[in-house]
Amino acid sequence: METAGIYEAIKEIHNPDRTVIIGIDGLGGAGKSTVSEILYKKFSDEHYSITVLHIDDFIHRKEIRYNDNYDEWECYYNLQWRYDYLIDEVIDPIKRGAFNGKIELYDKDNDTYYLNEADIPAGSIVIVEGVFLQREELSGLFDYMIYIDIPEEIRLDRVLERDGYIGDKQQIKVKYDNRYFPAEHYYIETCSPSLNADYVIKE
């Protein structure tokens with residue numbers, strides 16, 4: 001996947017006196033983690049201070065994000081994410097200057113949280129990768145937004161091979177059809193991510 005253009009664009013906005021927050025947005029199976037890993041290695045090799053945060057580490061426990069009073073897709077879109085914690089306790093402090101402390105991350109194996117030490121000097125590059133990064137709740141959080149625009153049929157093929165923790169391929173497809181894809185369709189319709197991003201990768 002093409003990343004050279006993104007690398008150059010981030011270098012242009014990098015500021016040694018101020019940490020920049022980069023969003024890598026995309027729907028399930030788009031390749032967000034892969035792009036983040038490539039960029040992390042490139043910038044690390046050039047001796048930049050860089051940190052990658054995964055939006056999937058900032059979610060609510062199952063008792064909150066699975067709620068029988070709502071459709072599955074509504075739970076995923078509206079009840080899944082700990083945006084208040086991410087913004088107030090993580091991103092805003094990082095933007096104010098050097099951050100040295102503990103970040104609370106989700107442990108999906110135990111449906112609980114653990115503390116992870118983070119040392120992010122001022123002037124760092126912080127990449128946040130995940131779904132729905134251009135929704136209204138996160139407006140103004142990012143200095144630069146990348147959107148990976150991959151057709152749904154390609155992404156489905158990928159997650160059928162990847163998401164074995166859900167079950168067999170039929171169970172994976174059912175969960176995506178009921179929970180993930182309808183929320184993604186809503187996001188596209190309401191937020192137009194490919195039109196509003198600073199940089200779009202297509203396949």
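Trainee: Starting with the second largest pocket, what's its lining like by class?
Mentor: Six nonpolar, five polar and three charged residues. Nonpolar covers Ala, Val, Leu, Ile, Met, Phe, Trp, Tyr, Cys and Pro, charged is Asp, Glu, Lys and Arg, and the others, Gly among them, are polar. Mind that this is a predicted model, where local features need pLDDT of at least 70, side-chain atom pairs need 80 or more, and totals for chains, interfaces and linings use all residues. Numbering runs from 1 along each chain as its sequence is written, and side-chain values use heavy atoms, without hydrogens or water.

Trainee: Which residues lie nearest the centre of that second pocket?
Mentor: Leu 133, Gln 134, Leu 138, Ser 139 and Met 145, out of 14 lining residues. Its volume is about 180 Å³. (A pocket is an open set of points on a 1 Å grid over the protein atoms alone where a 1.4 Å probe fits, with protein on both sides within 12 Å along at least five of seven lines; lining residues have an atom within 4 Å of a point.)

Trainee: And what volume does the largest pocket have?
Mentor: About 1,000 Å³. It has 38 lining residues, and Asp 56, Lys 108, Arg 162, Asp 163 and Tyr 165 are the closest to its centre. The lining splits into 14 nonpolar, nine polar and 15 charged residues.

Trainee: Which helix gives the most to that lining?
Mentor: Helix 2, with six residues. Others supplying at least two include strand 5 (125-130) and helix 7 (169-191).

Trainee: Switching topic: where is Arg 82?
Mentor: In the loop between helix 4 (72-79) and helix 5 (83-96).

Trainee: Buried or exposed?
Mentor: Arg 82 counts as buried because its relative accessibility is 13%, with under 20% being buried, over 50% exposed and partly exposed in between (1.4 Å probe, protein chains only). Arg 82 touches Phe 58, Ile 59, His 60, Glu 104 and Tyr 113, leaving out residues up to four places away in sequence. Touching means heavy atoms within 4.5 Å. The C-alpha atoms of Arg 82 and Asp 56 are 9.6 Å apart, and the two are 26 residues apart in sequence.

Trainee: Which residues of the largest nonpolar core touch the most other members?
Mentor: Val 90, Ile 103 and Phe 132, out of 45. Helix 4, helix 5 and strand 3 (99-107) are among the elements supplying at least two residues each. A second, separate core of 19 residues includes Ile 6, Tyr 7, Leu 39 and Ile 127. (A core joins buried Ala, Val, Leu, Ile, Met, Phe, Trp, Tyr and Cys through side-chain atoms within 4.5 Å.)

How values were computed
Grid points are joined across faces, edges and corners, and a volume is the space filled by probe spheres set on the points. Helices (H or I, at least four residues) and strands (E, at least two) are DSSP runs, numbered from the N terminus.
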